[in-house]
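Student: I have the sequence and the model open and would like to go through them with questions. Please answer each one step by step.

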Amino acid sequence: MKFALPLVALILAACNTDPQPQESDARARAAAQPNVPAQPGAPSPTPSPSEAAEPVIAPALASTGPRATPGEMRTFRDWVVGCDNRLSCTAVALGPDDAEFPTLRVVVMRAGGGALPRVIVDSNDDIAAPVTITIDGKPVAKGGRNDDEGVIFTGEEAGRLIEAIAQGKAGRIGHGKTEDAIALNGAAAALRHMDEQQRLTGTTAALIARGKDRPTASPPALPVVARVRPSGRATRPTPAQVTAMRRAADCQIEFLDEAQTRPEAHALGGSATLILLPCGAGAYNFMSAVFVIGKDGVLRPATFDTSVGFDVEAGAVPQLVNSGFGEGRLTNYSKGRGIGDCGIGQDFVWDGQRFRLIEQSEMTECRGSTRLVTTWRAEVR
């Protein structure tokens, strides 16, 4: 089944399966009223003794410095391809639009710099060698070796497989009593795109677009992120601050249990504190608004060096999905569907001013593959 909606729209829909409470007319009118200055000679309004001053949430700090730019995912009919910033690419055969998704799938992976490609038989279940692959009725590969990635073919066998996949019309994978079709529509275009991204077009190392030139492209160096290691004690937000944060992030928590609404506070180091504020939930996604209490004690929306979660509007409080913080890493995992066959995963570290992306993996097509393709990496020091 193919979804035409962008992935962020799928995730937003998944997170809004429960009816949302509506803001009262009185509150809406009050929010719409401009701040009118007092007329000369008019008495100043007297606050009620029971009214407490509302905590001020300062604007988010500007994101200065380099931005993380994950690679673009591209779809070619029944194949999807993504590459990271070191020119390491992954091409995945997807399940059919109009039939049951296969148990076994083919994945082609290749590191940057003209490294030898690998063909992987992937599955949501645990599988072990041997597997058999036939293309247009002819056996092309049998056996493989076991690896954490799945059953892997390398060397000349991988080369024969890739050539047959690019030229074939119908393929099959066999493992024990299980046999599945391999989607080959778009395979050649996907692998040609991989050649282009890895700067191998026209070289002897190209998968499809071969030529006589020697490959000269080398993988770019990874960006280096200097992180601040977590230390010290987290500052707990006051009840008034929690209320102000919920209002600023427009949180919808009325349908959450009390235990689910408690904010998390984590020491970031340098006297800064990360606040993960529960802000809403759907069937399989749980949203958290992200704030930081700085060493100056000021509460602000967190700043990131890339787009995150539901940070879709300028000035909006960033929200992560199914987030967590541990060992200095802030994580975000947005599922596009409950079975997990599309979505995006991100890992961040704190550099003292903002959260820096150190890894991103994603799958933009909801068609049976639970493998997320890496599109960004950074070195952490």
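Student: At what pLDDT do side-chain atom pairs count?
Tutor: Residues are numbered from 1 along each chain as its sequence is written, and side-chain values use heavy atoms, without hydrogens and water. As the model is predicted, totals for chains, interfaces and linings use all residues, local features need pLDDT of at least 70, and side-chain atom pairs count only at pLDDT 80 or more.

Student: Which residues touch the most other members of the largest nonpolar core?
Tutor: A nonpolar core is a set of buried Ala, Val, Leu, Ile, Met, Phe, Trp, Tyr and Cys residues joined through side-chain atoms within 4.5 Å. In soluble globular proteins, nonpolar side chains tend to be buried together. Here the largest core has 34 residues, and the members that touch the most others are Trp79, Val108, Val119, Val121, Ile135 and Phe153.

Student: Which residues is Val108 in contact with, leaving aside neighbours within four places in sequence?
Tutor: Val108 is among the core members that touch the most others. With the neighbours within four places set aside, its contacts are Trp79, Cys89, Thr90, Ala91, Arg118, Val119, Ile162, Leu191 and Met194.

Student: Where do the buried residues of helix H5 (residues 239–249) lie around the axis?
Tutor: The buried residues of H5 are Gln241, Val242, Ala244, Met245 and Ala249. The arc they cover, taken from the directions from the helix axis to the C-beta atoms, is only 165°, so they lie on the same side of H5.

Student: What do these buried residues of H5 pack against?
Tutor: The partners of the buried H5 residues are strands. They are strand E14 (272–281), strand E15 (286–293), strand E16 (299–301) and strand E17 (319–321).

Student: Which residue in E20 is the bridge partner of Leu330?
Tutor: Strand E19 (residues 329–335) and strand E20 (residues 343–350) run antiparallel and are joined by 6 bridges. Across them, the E20 partner of Leu330 is Phe348.

Student: Is Arg371 buried or exposed?
Tutor: Arg371 is in the loop between strand E21 (355–363) and E22. Its relative accessibility is 12%, so Arg371 counts as buried.

Student: Which side chain makes a polar contact with the side chain of Arg371?
Tutor: A polar contact is a pair of N or O atoms within 3.5 Å; within protein, one must be able to donate a hydrogen and the other to accept it, and residues adjacent in sequence count only if both atoms are side-chain atoms. At 2.7 Å, the partner side chain of Arg371 is that of Glu149.

Student: How many Å apart in space are Ser369 and Leu94, C-alpha to C-alpha?
Tutor: Ser369 also sits in the loop between E21 and E22, and it is buried at a relative accessible area of 0%. In sequence, Ser369 and Leu94 are 275 residues apart. In space, their C-alpha atoms are apart by 6.4 Å.

Student: What is the omega of the peptide bond from Ala129 to Pro130?
Tutor: Most residues other than glycine have a negative phi, and most peptide bonds are trans. Pro130 lies in the loop between strand E5 (118–123) and strand E6 (131–135). The bond from Ala129 to Pro130 is cis, with omega near 10°.

Notes
Buried < 20%, exposed > 50% of the residue type's maximum accessible area, 1.4 Å probe, protein only. Helix = DSSP H or I, 4+ residues; strand = E, 2+ residues; numbered from the N terminus. Contact = heavy atoms within 4.5 Å. Pairing = 2+ DSSP bridges.
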